[in-house]
Amino acid sequence: MPAIPLAKAPQPSQTDPAQIRNFCIIAHIDHGKSTLADRMLGITEVVEQRNMRAQYLDRMDIERERGITIKSQAVRLPWRSGIDGQEYILNMIDTPGHVDFTYEVSRSLAACEGAVLLVDCAQGIEAQTLANLYLAMENNLTIIPVLNKIDLPAAQPEKFAEELAKLIGCEPEDCLRVSGKTGMGVTELLDQIVAQIPAPVGDANAPTRALIFDSVYDTYRGVVTYVRVKDGHLSTRDQIQMFSTGVRHEMLEVGVISPEPVVSKGLGVGEVGYVITGVKDVRQSRVGDTITTYNNPTKVALAGYKDPRPMVFSGLFPIDGADFPLLREALDKLQLNDAALVYEPESSAALGFGFRCGFLGLLHMEIVRERLERESNLTLISTAPNVVYTVTTGDGTVLTVTNPSEYPEGKIEKVEEPIVRSTVLAPSEYIGTIMELCQERRGTLLGMDYLSEDRVEIRYTLPLAEIVFDFFDQLKSRTKGYASLDYEPIGEAEGDLVKVDILLQGEKVDAFSAIVHKDKAYAYGTMMTGKLRELIPRQQFEIPIQAAIGGRIIARESIRAIRKDVLAKCYGGDISRKRKLLEKQKEGKKRMKMVGRVEVPQEAFVAALTTDADIDKAKAKAKERE
Amino acid sequence: MNTLAFYVHIPYCVRRCGYCDFNTYTPSELAISSDLSATSRSYIDLLIREIEFACETSTATTVPTIFFGGGTPTLMESEDLGRVISAIGSHFDIAQNAEITTEANPDTVTKEKLAALREAGFNRISFGMQSAVEHVLKSLDRTHNPENVFKATAWAREVGFEEVSVDLIYGTAGESIDDWEQTIDTALSLPISHISAYALIVENGTKLGAQVKRGEVIMPDDDQTADKYLLADEKFSAAGFNWYELSNWSKPGSESRHNMAYWNGDNWWGAGAGAHSHIDGRRFWNVKHPAAYAQKVTENKNPMHEQEILTAQEQRSEEIMLQIRLVTGIARASLSESEASSLVEFVEAGHLQVEAWEAGRVILSQTGRLIADRIVRQILL
């Protein structure tokens with residue numbers, strides 16, 4: 001019987017590193033990672049059959065609904081190898097699957113000695129998986145290639161085994177074939193993890209060094225920090241210290257997740273578990289930092305710690321201005337659990353009071369917005385996302401611009417923008433389409449490789465700003481959903497960029513200003529002025545709508561003055577009706593924003609800031625809920 | 001003097017026009033097989049009982065105006081309509097110079113019918129002419145031959161009606177500016193003293209409303225309708241008809257006194273199914289369906305469906321909303337300082353009459369009338 005009852009399994013803090021295997025699963029959304037994890041929990045019997053539920057490890061509703069993992073977790077699985085009959089402890093470290101969280105992925109990988117590369121054998125490898133695979137290979141992890149969903153009729157295990165073999169440099173027959181759904185091949189996979197992945201190595205007598213690979217805020221416990229002990233030992237008797245800040249904390253609890261928390265005396269070399277220190281904010285317990293003991297601190301931190309750096313900025317405003325304090329509270333709460341989220345108050349003439357927020361990427365932005373709306377019952381409007389620009393003015397002043405409204409007036413010497421190296425994987429029939437899109441978006445081709453006969457990897461450098469602006473939606477729609485995208489920042493480059501302002505009756509509307517490439521300024525200007533002409537109701541005077549770069553008008557529309565706004569009849573029964581209509585209009589008036597003399601309905605702002613892709617997404621979401 | 005005007009509602013039509021959302025019923029809607037005469041006769045009896053009830057409720061003594069509307073009042077026998085006037089006269093004093101109006105369908109009246117109406121006590125008649133252009137009438141579901149209006153108005157004068165009015169509708173789908181000008185010219189060639197001209201309102205719940213929603217009928221844009229208003233105002237004024245309310249023009253002294261009662265906030269009693277009343281800041285209205293109305297009145301119950309008692313603020317809103325539509329406008333002094341200053345832009349833009357403004361009154365100009373509701377919102381919101 002390969003499963004071992006928990007009580008009889010090797011206990012935390014007393015487990016020989018030789019018995020430990022730390023691994024993660026690298027997979028794309030939908031490729032069945034959560035199902036495989038569920039199956040592993042079942043087969044190792046850490047979760048009883050009757051307590052099992054789908055996607056057991058995904059904690060947040062949003063994770064379960066969207067089928068993606070935002071935060072990683074670690075589960076301790078006792079296992080008796082079917083090969084040598086020995087007892088082992090497998091620590092499965094879950095990794096987030098999205099490009100926005102590359103840094104968190106890299107820290108999860110740093111906590112492991114091996115990785116299961118899980119690929120849906122009906123779909124093949126995706127760009128993000130490939131990126132994470134490369135990351136794992138750079139970390140010298142042992143890769144176990146696994147084809148999942150072999151029970152599917154559309155499965156093409158031969159084809160994709162070849163693809164994987166080519167990528168990692170193994171033989172196609174080395175790829176394991178499993179079905180997370182039926183459980184087929186999972187026992188063999190567990191045995192192979194034991195057989196192939198090296199045991200952790202560390203010095204039990206050296207000063208303690210433990211890597212923080214995740215940090216989660218819990219309402220009742222405060223921050224729960226997930227760690228992997230590299231050297232030394234962590235125990236409840238210790239006072240610990242964060243290497244980056246030097247701040248000392250009491251250790252309130254140490255334990256492992258199996259998959260519910262189990263308190264232990266401590267954690268030894270190679271072990272994975274959690275610590276609770278009473279800290280209330282994840283920023284005090286940052287992913288990538290090194291935990292050491294106060295009494296015997298290490299002098300050398302574990303490598304790779306980075307401060308999370310927001311890449312994409314957007315303004316978030318409550319539709320109802322009265323919700324501003326609620327939004328602040330919601331952001332404060334969210335930040336406890338999201339060290340990458342930054343925000344500061346912002347006031348917009350058009351949208352009122354809100355926050356300028358910085359995100360790791362578009363998905364991060366979407367998730368934050370969705371969580372704010374869902375968990376705090378807010379309705380938000382977000383301005384078009386933008387990247388961080390470095391602007392050098394005529395007099396040599398260098399400014400960091402995260403908001404178009406901070407863009408300096410007057411002479412600009414140069415503007416630099418973030419550049420990413422992007423990888424697109426797609427069926428080869430779409431090469432032309434993809435290259436066309438990348439060219440349109442100011443891309444430079446770096447290279448192209450065939451993964452298999454009909455699948456290709458295309459590499460481009462692109463300005464991040466171009467990706468932020470509906471690139472992914474375009475890529476998906478132009479390739480019928482087949483292409484996948486990954487990107488990583490590689491620095492900054494000078495761009496021919498300008499700020500386009502939108503003016504209503506000569507008044508700048510801050511929410512609509514955008515920093516765009518010179519060649520696209522006109523298109524942006526005509527698009528916005530045209531949209532606003534449709535959205536803003538006619539008023540008693542003519543309203544010119546202009547798009548301008550500095551003082552130069554590049555596009556112009558106008559809303560003609562309204563000529564008729566009266567109901568012809570007003571007799572007996574009409575009177576009450578008309579008065580009530582007036583009272584109703586009073587409510588509508590409250591939702592009007594004034595831009596100079598122009599009354600703009602809130603809905604017009606929302607609609608003008610909504611892209612077609614947003615509308616499609618909203619529709620799809622509504623459909624899902626039906 | 002303690003006065004009470006009477007509105008009498010006749011909720012029957014031979015057929016329903018596509019644009020109409022009035023409280024009126026056709027034989028098929030009432031599920032009756034033959035004509036409406038028997039139904040209408042018994043309806044008159046109910047009206048007379050409601051008038052008795054009005055007398056018990058009101059402290060008024062004098063009735064300055066009576067107006068029969070619908071529906072189609074002329075579907076009733078003239079003597080039946082006369083019975084209603086007599087009933088009012090037996091409970092109140094009908095003023096010597098009282099204005100007693102009925103609406104009439106130019107298609108269904110004969111000279112004899114008009115004479116009988118005159119006999120019954122009516123001295124003012126308002127014909128639903130709508131348009132002089134056949135395809136416009138057709139799109140309104142009106143069937144009459146434009147010729148009938150000439151005859152009907154001439155007969156009305158012949159039998160002794162001193163005040164003859166026509167109702168016009170403009171802004172229907174497919175109506176050109178020329179079509180409308182033809183209607184204006186035709187109306188001005190009639191022996192009349194009063195014109196009401198209404199821009200068509202597409203109401204929810206009507207056949208037209210559904211057609212517009214489904215895209216089967218495309219309404220002309222508001223700018224064209226505005227042009228039509230201006231054209232009508234020019235031509236009516238030139239012919240000696242002066243505007244005295246946004247949609248009403250008359251020869252001097254021929255203004256509808258009954259309608260002025262609505263706009264001046266006087267007291268009036270609306271008798272009949274769905275009719276609205278206003279007494280001293282209280283508005284109430286009867287149950288809508290003739291059968292429900294009949295049941296209540298027969299059981300000696302108040303046929304009132306609902307009422308609202310206006311707050312001082314609501315009364316003020318109504319006053320501004322209604323009186324700004326009149327040629328006399330409102331007093332600038334009745335506005336607060338901030339309300340008045342919010343109107344300056346309309347004075348400057350020529351939507352309020354400059355001289356009147358300087359003399360302390362808020363009076364709409366020609367273009368201002370077209371945006372009257374916006375100006376009201378500017379004051380009140």
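Leaving aside neighbours within four places in sequence, Leu117(A) of this predicted model is in contact with Ile26(A), Leu133(A), Ile143(A), Ile144(A), Pro145(A), Val146(A) and Leu164(A), contact being defined by C-beta atoms, placed from the backbone, that lie within 7 Å. Along with Ile26(A), Ala115(A) and Val146(A), Leu117(A) touches the most other members of the largest nonpolar core, which has 172 residues. Apart from this core lies another, of 106 residues, among them Leu4(B), Tyr12(B), Trp180(B) and Val376(B). A nonpolar core is a set of buried Ala, Val, Leu, Ile, Met, Phe, Trp, Tyr and Cys residues joined through C-beta atoms within 7 Å; a buried residue has 20 or more other C-beta atoms within 10 Å of its own.

Residues are numbered from 1 along each chain as its sequence is written, and chains are lettered from A in the order in which they are written. As the model is predicted, local features need pLDDT of at least 70 and side-chain atom pairs count only at pLDDT 80 or more, whereas totals for chains, interfaces and linings use all residues.

Buried residues of H8(A) include Leu362(A), His364(A) and Leu372(A). Just after H8(A), Asn377(A) takes a positive phi of about 55°.

Between the chains, 22 residues of chain A are in contact with 33 residues of chain B. The model scores ipTM 0.93 and pTM 0.72.

Methods. A residue is buried if 20 or more other C-beta atoms lie within 10 Å of its own, exposed if 12 or fewer, and partly exposed in between; C-beta atoms are placed from the backbone. Helices (H or I, at least four residues) and strands (E, at least two) are DSSP runs, numbered from the N terminus. Two residues are in contact if their C-beta atoms, placed from the backbone, lie within 7 Å.
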